[in-house]
Amino acid sequence: MTNGTPDLLKGLAQEAVDRTLALGSRISLAGGDELFRLGAEADCLYLVSQGRINLTLPMQVRGNDQDVLVEERNPGQTVGWSALIPPYRFTLRATAPLATEVISLPRAALRDHFMQHPEVGYMVTLNLAAVIGQRLQLFQAMWLREMERMVELRCRSEERRVGKECRS
């Protein structure tokens with residue numbers, strides 16, 4: 001890990017971090033490789049150890065399918081938290097825009113580990129809640145910007161129609 005302890009394992013003793021990381025395996029991705037698809041079964045959670053992962057949402061943009069960037073995850077950050085949250089399906093698409101390495105942590109191994117070490121499960125749960133909270137804040141900000149844009153467009157349209165300034 002190039003940035004120290006991964007965000008998912010913050011607050012744990014180094015021995016607990018090492019034991020948890022030992023559950024995983026390293027995966028190397030070339031630039032352009034896909035880590036997971038939107039809607040695919042989420043059996044593993046991933047920690048970015050080198051490089052970067054782009055999280056995108058497929059959308060129709062002017063009649064064309066495009067992957068719209070939602071966020072970038074860097075070394076030390078978690079992707080694929082859907083592996084720990086029912087219904088265990090990825091909610092975004094993850095790709096490596098450049099050579100990247102991730103640590104893949106299987107859900108089953110993590111669950112067994114948390115049962116044996118509840119203090120680790122507790123800390124990971126708190127950290128996971130923070131990661132999910134960041135995503136919710138991001139989507140809330142995106143939704144708010146879109147709502148502001150829609151209200152502005154509606155006001156402009158109304159102003160043209162009636163020739164008055166819109167106040168709402």
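How many disulfides does a search of the whole structure find? The search finds zero disulfides, a disulfide being a pair of cysteine sulfur atoms within 2.5 Å. The structure is a predicted model, in which local features need pLDDT of at least 70 and side-chain atom pairs count only at pLDDT 80 or more, while totals for chains, interfaces and linings use all residues. Residues are numbered from 1 along each chain as its sequence is written, and side-chain values use heavy atoms, with hydrogens and water left out.

Helices (H or I, at least four residues) and strands (E, at least two) are DSSP runs, numbered from the N terminus. Two strands pair if DSSP finds at least two bridges between them. An open sheet is formed by four strands in the order β1-β8-β3-β6, with antiparallel pairing. Its edge strands are β1 (25–29) and β6, each of which pairs on one side only. Strand β8 (residues 100–106) pairs with β3 in the antiparallel sense over six bridges. Across from Glu-101 in β8 stands Gln-50, and Val-102 in β8 is the bridge partner of Val-48. The antiparallel pairing of β1 and β8 runs over five bridges; here Leu-29 has Thr-100 in β8 as its bridge partner. Strand β8 is mostly covered, as six of its seven residues are buried.

Aromatic contacts were also examined. A pair of aromatic rings is described by the distance of the centres and the angle of the planes. Rings of Phe, Tyr and Trp (its six-membered ring) pair if their centres lie within 6.5 Å; planes under 30 degrees apart count as stacked, over 60 as edge-to-face and the rest as tilted. Two aromatic pairs are present in the structure. In one of them, the ring centres of Phe-36 and Tyr-46 are 6.0 Å apart and the planes lie at 20°, so this pair is stacked. The pair links distant parts of the chain, with Phe-36 in strand β2 (residues 34–36) and Tyr-46 in strand β3 (residues 44–50), ten residues apart. Both Phe-36 and Tyr-46 are buried. Phe-36 also forms a stacked aromatic pair with Phe-90, at 3.7 Å centre to centre and with 10° between the planes. This pair too links distant parts of the chain: Phe-36 belongs to strand β2, whereas Phe-90 is in the loop between β6 (78–79) and β7 (93–95), 54 residues apart. Phe-36 counts as buried because its relative accessible area is 6%, and Phe-90 is buried with a relative accessible area of 6%. Phe-36, Tyr-46 and Phe-90 make up one aromatic cluster.

A charge sits over a ring if NZ of Lys or CZ of Arg is within 6 Å of the ring centre and within 35 degrees of the ring normal. Such a contact places the charged end of Arg-107 over the ring of Tyr-88, 4.1 Å from its centre.

A salt bridge is a side-chain nitrogen of Lys or Arg within 4 Å of a carboxyl oxygen of Asp or Glu. The structure holds nine salt bridges. One of them joins Asp-7 and Arg-73, whose closest N and O atoms are 3.5 Å apart. Asp-7 lies in the segment before α1 (14–21) and Arg-73 in strand β5 (residues 64–73), so this pair ties together parts that are 66 residues apart in sequence. Asp-7 and Arg-73 are both buried.

The side chains of Glu-72 and Arg-52 form a salt bridge (3.6 Å, N to O). Glu-72 is in strand β5 and Arg-52 in the loop between β3 and β4 (53–61), so the pair ties together parts that are 20 residues apart in sequence. Glu-72 is partly exposed, with a relative accessible area of 36%, and Arg-52 is partly exposed at 24%. Salt bridges that share partners connect Asp-7, Glu-71 and Arg-73 in one network.

A further salt bridge is made by the side chains of Arg-19 and Glu-15 (2.9 Å, N to O). Arg-19 and Glu-15 are separated by about one helical turn because they are four residues apart in helix α1. Arg-19 counts as partly exposed at 29% relative accessibility, whereas Glu-15, at 57%, counts as exposed.

Notes. Buried means under 20% relative accessible area, exposed over 50%, partly exposed in between (1.4 Å probe, protein chains only).
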